[in-house]
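The exercises below are to be worked through with the sequence and the 3D structure side by side. Each task is followed by its solution.

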Amino acid sequence: MTRRSLILAGGGLKVAYQAGVLQVLLDEAELTFDHTDGASGGVFNLAMYCQGMSGREIADNWRKLSPLKGVTPNWRELPKGPYARSLFTLDGYRRRVFPEWGLDWARIRATDQEATFNLYNFSANELEVVTADGMDEERFCAGVALPMWFPPVVIDGQTYIDPVYLTDGNVEEAIRRGCDELWIVWTVSRRHRWRDGFIANYFHIIETTANGQLQHWLRRIEANNAAIRRGDEGEFGRPIEVRLLEGEVPLNYLINFSRDRFAQAVELGVQRARSWCTEQGIPWKPGAPPGRPDDRTRLRFTERMVGRVVFGEDEDPQGTPPEVRPAADLALHVTVDIQGVDRFLVDPAHEAALRGEVVCQELGGRLPIDRGTFQLFVEHDDPQHLRMLYRVFFADRAGHPLTLSGYKDVREDSRKGVWKDTSVLHTRVLRGHVHADEESEAETVASGTIRIRPSDFLKQLTTFRVEAPTLPGRVTTLGRFGQFFAGKLWDVYAQNVLPWSPL
C-alpha cells in the first residue's frame, strides 16, 4: 500500500505561496497524506494543518496577515551593533500573529495526523525531529529562529535554532517512515543568480544549503529507483516517487511591509498549483473565490501612444524588407478602468478593462474599441521578466473585425532602461477578434511599435481618478496602486539593492 508524504519545505515568508498550494491540494484536489513534514517557515503551515484547518483556512490566514504585526525589533540588543543577539524577536508573532491564526497547541498535540517538525539542537549538534504530540510554542518558535534575525530558543538548558542550515525539507524522515510518494512544496529560490551585499549573501547561503540537500536526496532517490529497475534492491528497498511543486515567489524571505504582497503570493500559489495539477493529471474542482468585502473601489487613468506600423506579415514570405512595405501612423488612445482595486492587485493576471479608440487613417480613421483588456506586470517565464499586455477588439471602416495586441517588455537584463521598457508598446494588428491563445495562428495585418511621449506621460499623471466610499479610502487605494507599481519595478530593476521589494 502506497504511503504518501507532504513535505512543507521552508522559505521564510515565501511560504505564503505554499499556503495557496495547500488550498488546491487539500480542498480542490481533495488529496490526503499519511505523513506531513515541516521545516523552517514550512512549520507555520504545518501547525495550521495539524490543527485541522482546511487548505482555504490556511491560505486565508496568509491573505489577511498584516506583516507589521510580526515585526518586533530587539531594542535591547541593537545598541550592541555587530555583537547583538539578534535584530528582531518573535514576540510580535507570539502576541499577535499566532492568536490571529487561531493556533491552539493543545489541539495541535491532539491531532491524528502523523506529522514531524524539525528543529536544530545546537547544544547537541544534531537535527531534532519532534512529532506533533510534543509540540508547543517554544519548540515552534525554535523551528523558525533564524540566526542573526531572531534569537535562539533555550529549552531545558538546550539551545535551539532554525534547522535550515541542515535541512529545509526532511526527505530522509519521510523515507524513514516508509513513504513511497514524496509531495514536496518548495519555495526556496532555485534561480542561481548571485547578488552582492550582506543580506543577499546571507540568503544565498541558505539557498546553497537547502538546494544542495534537495539535489543530494533527489540523486539518491534516482539512483535507488534505477537500481530497482535493474533488479537490484536499491538503497531504500522500494521505489520512491517524487512530486516536486516548486515556485519562484516574488516575495522577500523576511523583509516585507505590504499585506498585498502576502495575498499576491497566496494567489500565485493557487494559480500555479491548479496548473501543476492539470499537468500531472490530478483532478481538481475550483473552490469559491476568496471571500473579500464588497470592493467598491475604482481607479481610472488615460494613456496615449503614437507610432508607426508596417503592413504585412512580421516575416514577409517573399522577403520584402520592412522599410519598403506600406507603412502608416497609428495611435492608441485608451482609458484603463480598474473596477475593484483589491481584486486587481492580488490576482496574478492584474487585469483591467480598456476603452477608447485606435486612430489609423489607412484602416479607416478614428475607430472605437469594442472591448479591450490591459494586464499590468504579469510574469513572462520569470518573476523578473514582466510584461504589460494590451488587447483591444475593433473594426476597420468596412466593418472587418481586427485586434490590436501589444506588450511592453520589462526585464532585468534589458539595456534600454526603465523608461523605454515601460513606454514602448510592441504592437501587432491581427485579422479578426483574436484571443491570446489564438494569436500564434492569426494573420498579421500590420506590426510596429508605438510609444508614450514624455509630454503625454506628464498629461497621463493628471488623469488618475479614484473612487472609494471615503476620502481616506481614495487616498489608500491610490497609495496601494502606487506601491504595487513601484514594487514591481523594484522587483526587476533593484535586485542588487534588496532581492524583491518590501512594498
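**Exercise 1.** Find the ring over which the charged end of lysine 14 sits.

*Solution.* The charged end of lysine 14 lies over the ring of tyrosine 253, 4.8 Å from the ring centre, where "over" requires NZ of Lys or CZ of Arg within 6 Å of the ring centre and within 35 degrees of the ring normal. Arginine 220 likewise has its charged end over a ring, that of tryptophan 217, at 4.1 Å from the centre. The model is a predicted one, in which local features need pLDDT of at least 70 and side-chain atom pairs pLDDT 80 or more, whereas totals for chains, interfaces and linings use all residues. Residues are numbered from 1 along each chain as its sequence is written, and side-chain values use heavy atoms, with hydrogens and water left out.

**Exercise 2.** Classify the aromatic pair formed by phenylalanine 301 and phenylalanine 481, and state which elements hold the two residues.

*Solution.* Rings of Phe, Tyr and Trp (its six-membered ring) pair if their centres lie within 6.5 Å, with planes under 30 degrees apart counted as stacked, over 60 as edge-to-face and the rest as tilted. Here the centres are 6.2 Å apart and the planes are at 50°, so the pair is tilted. Phenylalanine 301 belongs to strand 11 (residues 298-311) and phenylalanine 481 to helix 13 (residues 471-493), so the pair ties together parts 180 residues apart in sequence; helices (H or I, at least four residues) and strands (E, at least two) are DSSP runs, numbered from the N terminus.
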